[in-house]
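Please look over the sequence and the model, and then follow the sections below.

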Amino acid sequence: MSAMREKLLDLCKESFESIYDRTAIEYYWIENEVMSKSISYRKLKEYVDSVTGILLEKVVVSQAIAIHLEPSIELIISILSILTANCSFAPLEASPNPSNLHKMITDVGISYIITAKKTCFRIIDYLQRMSCIIKSKMEMKCGLEHDGMILIEVISEKYESNVNTKDIAYITCTSGTTGTPKMIAVPNSCIVPNVLHLSETFKIRPSSVVALMSPPTFDPSIVEIFMALSNSATLIIPSTQLKLHPASLGYVLMHKAKVTVLQATPSIIRRFSLEYLRTSVFCDKSSLKVMAFGGEPCPSYKSINSFVNLDNVKRRTLPNLFFNLYGISEVSSWATCYMLQPDKIFDLCDLSVPIGSPLLKTKLQIRDRTSNEVLFHIDETEQFSDVNIKKEENFVEKCTNLFPGYSDIVGKLYIGGTERCCQIFGELHIKYHDSGDIVRMSFIDNIPTISFIGRADSTVKRNGKKLNLYLMSNAALDIDDVKSSHAIAHLSQQGYLEIVLFVVRKDNQFTTLNDIEIISTLESKKWTYKVFTMLLICFQRSQMPDCIFEVPYFPVTTHGKVDHDKLEYLISKRTIPESTHIDSAHLEEIMRLILLSLLETDSNINPNYSKSQTSLDFNRTLVDLGGDSFVAVALMNWLEVFFGKKISSNFPDVLDTILNRPLNEIIEKWSGCSQNTTNSESQKLFRKRKLNVANYAAVNGPKVYISRGMKVYSEKVQPLLPVTDSDSKAIYGISQLWKYNTGKCIDASPLILLLKDTEGFCYIGSHSYLFSCVTIQGELVWSVMLGDRIESSACFCEAEGKELVAVGCYDHNLYILDARNGKMYWTHETGGEVKSSPCWSEQTKLLYVGSHDGYLYALDIKRKTVNWRTHCYGGAIYSSPAILAVGSDNCLTFCATLQGRLICYDGNTGQEIWNYVVGKPIFSSLCVDEFAVYLGCVDMNIYSFNLDGDVVWRYHTEGPIFSSPALSCDGDAIIIGCHDGYLYKICKQKGSLLWRRLMSSDKSTVFATSFCYKGIILSATTKGAIYVLNENQGDLLIHLDLPGEIFSSPVVAQKHLRTSGGSEFTVIIGCRDDNLYALNVEASM
């Protein structure tokens, strides 16, 4: 191995001095087609020298400089320039975690951030939320085409640190795989040995082509970058967007760039189809010389066998192709390396792939999980020292219980070495770090071998029995049709631990990574049940998963690892409606399929079962047929999966019924079951009064304005609610009256303004930057171009006798315009995007609006000044504020933040009265009446708070809530939609469910705020359907499909009485097909 060089930058010295015209970097991105650009080592050095000169005028030696850039040529220039300036670099996530960013700024003492010009507003937004002061911004021109780098100088509070920043190469934050995320300072002495050792192992040469597959926040990216640049090789950088298109990414890597060295997580590789892997990646014609798996457990020999085209790959072409890398960020980045044996790939070896030998300067220890005493020690020379081979009886017994079938020593792996341990902010320096992984140490042909068994936290206890999620996932991979699998432990809504196995089928084909959904076709359900029965052969019943779901691919984090949070979300948003009607013949067919496999698998352990019973006499009980409680639970779970209906809730004694009643009787009972209806009499017990006010369309006041959520106001009465005189016998129809094209999609909701001397106006903004006023008949009155796209819904307000409308914009401004002619009255700039919709108080004459800068503003429109503003504890405000009148000249003002905080202020002074931390982001706008504040949250709860800030009740749904609550027509309940696809009606006083209704069979999410009118509810799903429901029982009356997604909310514009006794009214709503629609809803008797 070459002589040790001290710093990362030293590794590149030879490349910059002698290899001038060789291509250093190729960058690929995708527009309508794949695009690329490249620079040579000569140009790279020129750019680095230019940026370094700028930095040296600003920074001091050993200072840490943050980088907020996507993988790009600019990223490499920034890294090299910072190192040349004798500073350390600190990569930031594209969307930084606020807590991690705060630690980076305060603990590390970041004063400068390099970011992209076109996206600098994002990081500035994050910094302003943290109360950082932006001291200066300057462009960094280095001669690169389309210069787009900005240097931001910030001022913030810095804490005392235990880390010596001298000789630090870079600072990163762990992903949290081994526990709570940590801020880690990586010395040159730690990372340089990694680059040198792997460069030699992978035989990196000037002719090598190395792919950069990791984001800059994932420390393997540093190895990839400097393996290439230190050896005068070419670095290939695919853009983040390109990585979302597996087919295009494969084309770039294998055909355009002809990559020779590829380092990636198994999850990334499994996104390519098996056909593509066999014909273009792992075949004789491929350019690939090194495939290094890392970041996740290495695929088994058997799995890798399925990747390789065995028809045209010879054994001699594989010896140096596949490698397994293992490591943790605390010893950045890789600790061990193992070259896979080709014979075992060809021979379908069932052994797991070892993690390999320690890399340069690295040491390993295997410790007892209980006592923490060292059992074995190994360093880079592969010489084991027998520190303590004492096999304590209870330890061996424990290992055997945890990992059945393993007789070798099992313990927790610790990684370290005098020069390999990084410095961790807030922790004392230690020589060895806990990897959090359980490994097995054994000798194979007298060669010490360490194999990964699973995460220490992947062993869970369910019903008193321990099971290992990693072993379950591995067992599923041995099933021929399974391409990849992943098991997780999910805490169900009912509070019990549920083991869920996700699987991807080998023949699954996809070209783009769209929003992932569980595949729920009948064919998929039969296939996942086949996987279940195959696992029954391998596992004891106590070790089986509760559910198995097929997905098209696995979602991954920015580091390329399986994203557990997204899998949890898939489970949480999956709902099973209450059972309605199941065809008895179909039920018997599916029950027979399930029971035959369950009872056949049990035949070896249950003496009551005989194979002559495979005909399944449905006149007998499950117990008579040899079944037990496990078979009963499995039968119930899989029937619910197959039919998509919840059976268990209809029968309190469901398990006893399954076990002890004849199967025919169960079929008869279940096929006839129906959903329980809500007792309408019990609903009346909680009704405080019947509101009896005139319908708003009949108001004779000079002006009436109506916005989303049935917020109806007039000069005479406020608020003004419609009466509830709907007739359940009415027959409804819905049709389009007109549409108005705004130029781009509409996410905002319309505002209706009815003036005494006009027919009425509708105000709407869109992504086209246009804010428009049209008549109720759809004719354009005026349109104004604002500074950016508009998602805020407009609000009516007044000043100096003028009727005005206010609307927020992405360009950070709140615009106030004359309602009649569109002339600009006043513009107020905030520090962030204004997505929140403003709210006007007749009492204080102030306009309240929230901004993504984290402030709530109270604006005096008449004086065109800020009456007060307040910082809402660092959380951006998406939710629209709400007010409640207090006397004739004041109000309570409520707002909610994406930090998960609800705050109540004095409307006149801005003085905080109380606040409550929900803990999860609140996107839902607030609904307020004289008793409480209502909101939905992404934690899947609907909340009611009294006016003193106490939680009155919370109702748990089965999905995150982005919709906003609306009061029912009688004021006794709230109506709110959910991402689980349901619309909920909740008793306002008790928080009990009155009804919930699945809006569409495909479980389209409900983002819109409902509008309640004359005993009916108008709502919409994101898939583009608008629905009319009966408010009393939630019955779907009629719906209309629009040709685009709907994130806007419906608003009733006007009503007409018909001579026949029926009625009709107009509904206006925006759509993402760029159009504002007016719909006629007609009820005939």
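## An open sheet

Which residue in β37 does Ala806 stand opposite? In this model, which is predicted rather than determined by experiment, Ala806 stands opposite Ile816 of β37. The two strands concerned are β36, covering residues 802-808, and β37, covering residues 813-818, and they pair in the antiparallel sense over five bridges.

That pair belongs to an open sheet of four strands, arranged in the order β35-β36-β37-β38 with antiparallel pairing. From one strand to the next, the twist averages 25°.

## Helices α3 and α4

Helix α3, made of residues 41-56, packs with helix α4, made of residues 73-84, at an angle of about 55°, and their axes are 8 Å apart. At that angle α3 is oblique to α4, and α3 passes α4 in a right-handed crossing.

On the side of α3, the contact is made by Leu44, Tyr47, Val48, Val51, Thr52 and Leu55, while α4 contributes Ile77, Leu80, Ser81, Ile82 and Thr84. Sorted by class, the residues of this contact are eight nonpolar and three polar, with no charged residue.

## Helices α9 and α11

A further helix pair is formed by α9 (residues 246-256) and α11 (residues 274-281), whose axes come within 11 Å and cross at roughly 15°. Because angles under 35 degrees count as roughly parallel, α9 and α11 are described as roughly parallel to each other. The crossing in which α9 passes α11 is right-handed.

Where these helices meet, Gly250, Tyr251, Met254 and His255 in α9 face contacts with Tyr276, Ser280 and Val281 in α11. The contact of α9 with α11 comprises four nonpolar and three polar residues, and again no charged ones.

## Salt bridges

How many salt bridges does a search of the whole structure find? The search finds 20, and one example is the salt bridge that Lys412 forms with Asp434, in which the closest N and O atoms are 3.3 Å apart. Lys412 lies in strand β19 (residues 409-416), whereas Asp434 lies in strand β21 (residues 432-444), so the pair ties together parts that are 22 residues apart in sequence.

Technical notes: Residues are numbered from 1 along each chain as its sequence is written. This is a predicted model: local features need pLDDT of at least 70, side-chain atom pairs count only at pLDDT 80 or more; totals for chains, interfaces and linings use all residues. Side-chain values use heavy atoms; hydrogens and water are left out. Two strands pair if DSSP finds at least two bridges between them. Axes are lines fitted to C-alpha atoms, for helices over the stretch in contact, and angles run from 0 to 180 degrees between N-to-C directions. Angles under 35 degrees count as roughly parallel, over 145 as roughly antiparallel, 65 to 115 as roughly perpendicular and the rest as oblique. A crossing is left-handed if the near helix is turned anticlockwise from the far one by less than a right angle, and right-handed if clockwise. Contact means heavy atoms within 4.5 Å. Ala, Val, Leu, Ile, Met, Phe, Trp, Tyr, Cys and Pro count as nonpolar, Asp, Glu, Lys and Arg as charged, and the others, Gly among them, as polar. A salt bridge is a side-chain nitrogen of Lys or Arg within 4 Å of a carboxyl oxygen of Asp or Glu.
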